[in-house]
Amino acid sequence: MLFDQISNDIKDAMKARDKVRLETLRNIKKVFLEAKTAPGSNGTLEDADALKILAKLAKQGKESALTFSQANRPDLAEGELAQVAVIEEYLPKQLTEDEIREAVKAIIAETGATSMKEMGKVMGVASKQLAGKADGRVISAIVKECLG
């Protein structure tokens, strides 16, 4: 499980005295623990849910880095991007736009969608199949392009 892997990697980061990695992994574990103990959860954290959390953390880190860069604070932006790099090690490889386009075309053929009216049906399937492998905005733009 991803939760256990993060816990073990924290020990390795401590031994290696890797401050950035250690801080990032501790933050991840904290968020994982909050998700495990949240109302409605059964005290476990499935890998699919953990991947969603990691994708969200990576996205937030990138947005923070962009904000810091725009505020002329490259030192803070570099710190955020270093943490994002650690988070992305645990995420599945991101698909290219061409790979997403191929997957979307297959989903459109599979669902029999022919117009923008059926975008919701295509997006539902695409979001599940491409979860963690592609950004939702990119998927949406390609679905619009293919159906439009």
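E88 is partly exposed, at 35% relative accessibility. Partly exposed sits between buried (under 20% relative accessible area) and exposed (over 50%), with a 1.4 Å probe and protein chains only. The areas come from the Shrake-Rupley method, and only the protein chains shown count as cover for residues.

The side chain of E88 meets that of K62 in a salt bridge, at 2.9 Å from N to O. E88 belongs to helix α4 (residues 74–88) and K62 to helix α3 (residues 47–70), so the pair ties together parts that are 26 residues apart in sequence. K62 is also partly exposed, with a relative accessible area of 44%. A salt bridge here is a side-chain nitrogen of Lys or Arg within 4 Å of a carboxyl oxygen of Asp or Glu. Helices are DSSP runs (H or I, at least four residues), numbered from the N terminus.

## Basis of the model

This is a predicted model: local features need pLDDT of at least 70, side-chain atom pairs count only at pLDDT 80 or more, and totals for chains, interfaces and linings use all residues. Residues are numbered from 1 along each chain as its sequence is written, and side-chain values use heavy atoms, leaving out hydrogens and water.

## Other salt bridges

The structure holds 8 salt bridges. One of them joins the side chains of E34 and K30, at 3.8 Å from N to O. Both residues lie in helix α2 (residues 19–36). They are 4 residues apart, about one turn of the helix. E34 is partly exposed at 46% relative accessibility, and K30 is partly exposed at 45%.

R73 pairs with D75 in a salt bridge, with the closest N and O atoms 3.0 Å apart. R73 is partly exposed at 36%. D75 is partly exposed at 45%. Salt bridges with shared partners also link D98, R101 and E145 into one network.

## R101 in helix α5

R101 sits in helix α5 (residues 97–111). Is R101 buried or exposed? R101 is buried, because its relative accessible area is 18%. R101 touches I142, E145 and C146, leaving aside residues up to four places away in sequence. Contact means heavy atoms within 4.5 Å.

## A negative surface patch

D4, E46, D47 and D49 gather in a patch of negative charge on the surface. Such patches take residues with over 30% relative accessible area and no salt bridge, and join like charges within 9 Å. Asp and Glu count as negative. The charge is placed at CG of Asp or CD of Glu.

D4 lies in helix α1 (residues 2–16). D4 is partly exposed, at 42% relative accessibility.

Methods
Patch = residues over 30% accessible without salt bridge, like charges linked within 9 Å, V, L, I, M, F, W, Y side chains within 5 Å. Areas by Shrake-Rupley, 256 points an atom, 1.4 Å probe, with all protein chains shown as cover. Helix = DSSP H or I, 4+ residues; strand = E, 2+ residues; numbered from the N terminus.
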